[in-house]
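Here is a short report on a protein model. It covers loop residues, helix packing and overall totals.

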Amino acid sequence: MSKNETILPRRTFAIISHPDAGKTTLTEKFLHLGGMLRSAGTVKGKKTGKYATSDWMEIEKQRGISVTSSVIQFIYQDNMINLLDTPGHEDFSEDTYRTLTAVDTAVMVIDGTKGIEEQTVKLFKVCKMRGIPILTFINKLDREGKDPLELLEEIEDVLGIETYPVTWPSGMGKGFNGVYNRFEKRFEKYDENGEGHMLPLDIDGETNPDALDEMAFEQLQEEVMLLEEAGDAFSKEKVAAGELTPVFFGSAITGFGVQSFLDAFIHLSNAPQPRNSTIGEIGPEHEEFSGFIFKIQANMNPAHRDRIAFLRVCSGEFERGMTVKLTRTGKAIKLSQSSQFFAASRETVDKAYPGDIIGIYDTGNYQIGDTLAASNGELQFEALPTFPPELFAKVYAKNALKQKHFYKGIEQLVQEGAIQLYKTPFFEDYIIGAVGELQFQVFEHRMNNEYNVNIVMERQKYGIAKWIVDGEVKDNISDSRKLLVKDQHERSVLLFENDFSLRWFEDKNPDIKLGGPERIK
Ligand code: G4P
């Protein structure tokens, strides 16, 4: 990193969208505008292949999907931007949730021909919970889509967030003229071969014939007036709190609307925000180095068989070779040669600042949610959210002689947070739990490929996990409708078949208090 890069303001964000809304295409355009500095993992470039920097997971190659989050960094208008990718598969995992804890802003991409889709809703909820700014890009205006006003209504009704369209489209599909930018008071004329032309336009006055014909102008004028009168007022505070989303219309594939989106993004997104810790909020102004690990990725490079822990820097300055303390164990760790920026490019990073994400080499020291802080610190960041699994399978090695590989594989993948593990009392059967189906497939594939063990997975009929918060149950309580297991932290968990069996149990056992997964300290 050159010297002047170090002092640039930071912006750290992720794109949330339903598959096929255009996240990859938009990312490619961002990189064209910003100039990519370095990348980690996969940025799949379906069309050009240009940014498909690495396909390190076999399963991604086979399926053509992105199952692991990656990070890219680029500079735009003197801002250092960290963009964290989230899995693009419709199946959904904890990995995505955790990645969202490491960002300060989210960009929501909506396919204008489809409106709000299922996965957008789920991802949106996580962002809303964290109260971070959410900027919306409504994509594919080059195609006939839903009515823009209807789309806004949908966002407000389905997602429960106020909207403020910063740009407003004139026409769509074959009749798409461009967008009026309410901030810049200009018309951005659509050009399918490029960025579009910025033309001054007084929306309350006469049309600019270079921008729009009279008829289109009148309709635009009417619609913008309606927005001014009946729409939500713009409030930067509301944006910062995640209560109002600025909306932009464009066409990622042609690059139209992307630049004005990024220009506004710089102003509307959050700078690196503080995170809660045991000693209060820790933000960028805190002098000593601190950060937390939100993701661990094993075997990014099969030739190296290594693990990379992804750390978000929260405060101070990361310097290669520095000694930090892993708060969970109290162990001092030197982040020396092994500290690298992202395995894909094998580039070494010497310094990093609050908001940056660094990949550090892990020989088995780290767990998801770990805090690394200046050597004498007692600081521990708030635990990352854990999610109750909804899918369960009993798992064992096909070949009993492979037990050692089996245990090692499970241990590492559980530590990595790829899967949740439960054991039954007495027999100690291994039951794995997942939030999404894909987690199982990835688990099986990795056990096979990375740990050389074929496994048998027997799907279980349970769908609800409840932790026993208060009261005691007997070890032999399991029956055909429920199963008692212990989680990784030896806490008792009951797996129920469905809501009915859960309610039945609660009625019969008023003394036993059930709850969600408590945060692990
Ligand atoms: P994702 O990462 O969110 O899953 O979406 P991605 O960018 O891969 O885009 C999904 C599909 O939508 C791609 O077409 C892509 O070319 C198309 N697309 C993206 N942005 C726009 C846009 O602004 N307008 C139009 N008309 N299409 C857009 P595909 O046919 O699935 O892939 P490909 O085979 O063309 O690469």
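## Two loop residues with positive phi

Asp78 sits in the loop between β3 (71–76) and β4 (79–84). Helices (H or I, at least four residues) and strands (E, at least two) are DSSP runs, numbered from the N terminus. The phi of Asp78 is positive, about 60°, although the residue is not a glycine. Most residues other than glycine have a negative phi. Asp78 is exposed, with a relative accessible area of 56%. Exposed means over 50% relative accessible area, buried under 20%, and partly exposed in between (1.4 Å probe, protein chains only).

Asp20 is in the loop between β1 (10–17) and α1 (23–34). Its phi is near 80°, a positive value in a residue other than glycine. Asp20 counts as exposed because its relative accessibility is 53%.

## Basis of the model

The model is predicted: local features need pLDDT of at least 70, side-chain atom pairs count only at pLDDT 80 or more, and totals for chains, interfaces and linings use all residues. Residues are numbered from 1 along each chain as its sequence is written, and side-chain values use heavy atoms, with hydrogens and water left out.

## Helices α3 and α4

Helix α3 (residues 94–101) packs on helix α4 (residues 118–130) at an angle of about 30°, with axes 10 Å apart. The two are therefore roughly parallel, a label for angles under 35 degrees. Axes are lines fitted to C-alpha atoms, for helices over the stretch in contact, and angles run from 0 to 180 degrees between N-to-C directions.

From α3, Thr96, Tyr97, Leu100 and Thr101 meet Leu123, Val126, Cys127 and Arg130 of α4. Contact means heavy atoms within 4.5 Å. By class, this contact of α3 with α4 has five nonpolar, two polar and one charged residues.

## Helices α9 and α10

Helix α9 (residues 403–415) and helix α10 (residues 437–450) pack at about 135°, with their axes 10 Å apart. On the α9 side, Phe406, Gly409, Ile410 and Leu413 make the contact; on the α10 side, Phe443, Arg446 and Met447 do. These residues divide into five nonpolar, one polar and one charged.

## Whole-protein totals

The protein has eleven helices and 29 strands. Of its 521 residues, 57% are buried. Among contacts with a separation of 6 or more, 69% join residues 24 or more positions apart.

Note on methods:
Angles under 35 degrees count as roughly parallel, over 145 as roughly antiparallel, 65 to 115 as roughly perpendicular and the rest as oblique. Ala, Val, Leu, Ile, Met, Phe, Trp, Tyr, Cys and Pro count as nonpolar, Asp, Glu, Lys and Arg as charged, and the others, Gly among them, as polar.
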